[in-house]
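Subject: Structure handover

Hello,

The structure is pasted below, followed by notes on what was found in it. Please read the notes with the model open.

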Amino acid sequence: MGFPRLRRLGRETLTGALGLLYPPECPLCERPLDFDEDDSPRGPSRFLCARCREGLEKERIQPPYCARCGEPLPNGDADLCRGCALAAVPFEGARSYGLYEGGLARLVQLLKYHREPALAGALAPLLADIIAREGIEFEGITYVPLSKRRLRERGFNQAERLARALGRLWGAPVFPALRKVRETVPQEALSRRERLENVRGSFAPLGRARCESVLLIDDVYTTGATVRECSSVLQEAGYERVFVLTVARTPHPRSSPAAEGNPKEVEA
Ligand SMILES: [Zn+2]
Ligand SMILES: [Zn+2]
């Protein structure tokens with residue numbers, strides 16, 4: 001064991017238990033992580049190598065996008081996408097770091113399906129990046145809950161892990177504000193309207209609002225049916241302003257030639 005290894009171990013100890021649990025190699029390219037490279041305490045560098053971090057930066061959704069739901073727009077003529085121009089949404093805004101593809105999709109999948117909750121630490125800085133860029137103001141952070149059954153199966157709620165990692169990074173309180181009261185059927189085979197009906201009534205508030213403005217965190221924004229329903233319930237509970245942040249959003253058929261027909265729903 002040479003000095004670099006010792007230094008790495010020391011660094012991991014300093015950066016907390018997550019570093020100890022997670023092997024010191026990049027989860028995307030499996031190259032060993034070099035903690036000596038330029039590092040910022042807010043950056044995801046203790047999880048990802050410099051090249052993969054650069055890759056993620058290229059995946060960031062660039063303007064123009066809908067001022068309300070954040071959907072990438074084909075040109076800059078309009079402020080709002082067609083859906084938001086036609087109907088009100090129950091949140092102030094929704095933003096995602098990038099599209100659900102490439103390295104970003106891989107990281108979400110590792111977090112969620114390969115059950116590597118420590119990777120929330122690699123993704124939280126991307127959410128913080130959106131807050132800083134958009135100048136989003138909020139008092140507290142909450143997250144989309146899982147049903148008891150799904151929570152038992154997975155062992156953790158990936159949205160909660162993201163919210164808690166973001167709360168640590170941003171220095172904001174994180175709390176549960178919703179619970180899932182009804183199991184929903186997988187959304188994949190459903191139309192947009194059916195998806196809304198599928199989630200309607202499936203969430204309930206946990207007590208009264210703790211603040212006026214709250215961030216609602218989820219991993220992936222697909223049709224927005226889930227976060228709309230959650231935002232409505234939060235508003236009924238007394239939260240006046242809800243802002244939705246997700247790591248990724250599934251590509252709209254228009255914004256990606258690879259995606260055709262209905263966007264593929266990502267499992268909760
Ligand atoms: Zn890498
Ligand atoms: Zn929109």
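Between which two helices does the loop that holds Glu30 lie? Glu30 sits in the loop between α2 and α3; helices (H or I, at least four residues) and strands (E, at least two) are DSSP runs, numbered from the N terminus.

This is a predicted model, in which local features need pLDDT of at least 70 and side-chain atom pairs count only at pLDDT 80 or more, while totals for chains, interfaces and linings use all residues. Residues are numbered from 1 along each chain as its sequence is written, and chains are lettered from A and ligands numbered from 1 in the order in which they are written.

Overall

The chain has ten helices and six strands. Of its 268 residues, 39% are buried. A residue is buried if 20 or more other C-beta atoms lie within 10 Å of its own, exposed if 12 or fewer, and partly exposed in between, with C-beta atoms placed from the backbone. Two residues are in contact if their C-beta atoms, placed the same way, lie within 7 Å. Among contacts between residues at least 6 apart in sequence, 70% join residues at least 24 apart.

Core

The largest nonpolar core has 63 residues; such a core is a set of buried Ala, Val, Leu, Ile, Met, Phe, Trp, Tyr and Cys residues joined through C-beta atoms within 7 Å. The members that touch the most others are Leu123, Leu127, Leu162, Leu216, Ile217, Leu234 and Val247. Helix α6 gives the largest share, eight residues. Domain 1 (3-53) and domain 2 (65-249) each supply at least three residues to this core; the domain bounds come from an automatic or database domain assignment. Beyond its neighbours within four places in sequence, Ile217 has contacts that include Leu127, Tyr143, Leu162 and Leu245.

Helix packing

Two packed helices are described by the angle between their axes and the distance between the axes. For α6 and α8 the angle is about 60° and the axes are 8 Å apart. Axes here are lines fitted to C-alpha atoms, for helices over the stretch in contact, and angles run from 0 to 180 degrees between N-to-C directions. Residues of α6 that meet α8 include Leu123, Leu127 and Ile131; on the α8 side, Leu162, Leu166 and Trp170 are among them.

In α5 (residues 102-112), Leu104, Leu107, Val108, Leu111 and Lys112 are buried. They lie on the same side of α5 because they cover an arc of only 120° around the axis, taken from the directions from the helix axis to the C-beta atoms. These residues pack against α3 (50-58), β1 (93-99), α6 (120-134), α8 (158-170), β5 (213-221) and β6 (241-249).

Loops and backbone

Most residues other than glycine have a negative phi, and most peptide bonds are trans. Glu30 has a positive phi of about 65° and counts as exposed, because it has 9 C-beta neighbours inside 10 Å. Arg115, in the loop between α5 and α6, has a positive phi of about 55°. With 13 C-beta neighbours inside 10 Å, Arg115 counts as partly exposed. The peptide bond from Pro63 to Pro64 is cis, with omega near 5°; Pro64 lies in the loop between α3 and α4 (82-86).

Arg46 belongs to the loop between α2 (17-21) and α3. It counts as buried, because it has 21 C-beta neighbours inside 10 Å. Arg46 and Gly121 are 75 residues apart in sequence, yet 8.9 Å apart in space, C-alpha to C-alpha.

Regards
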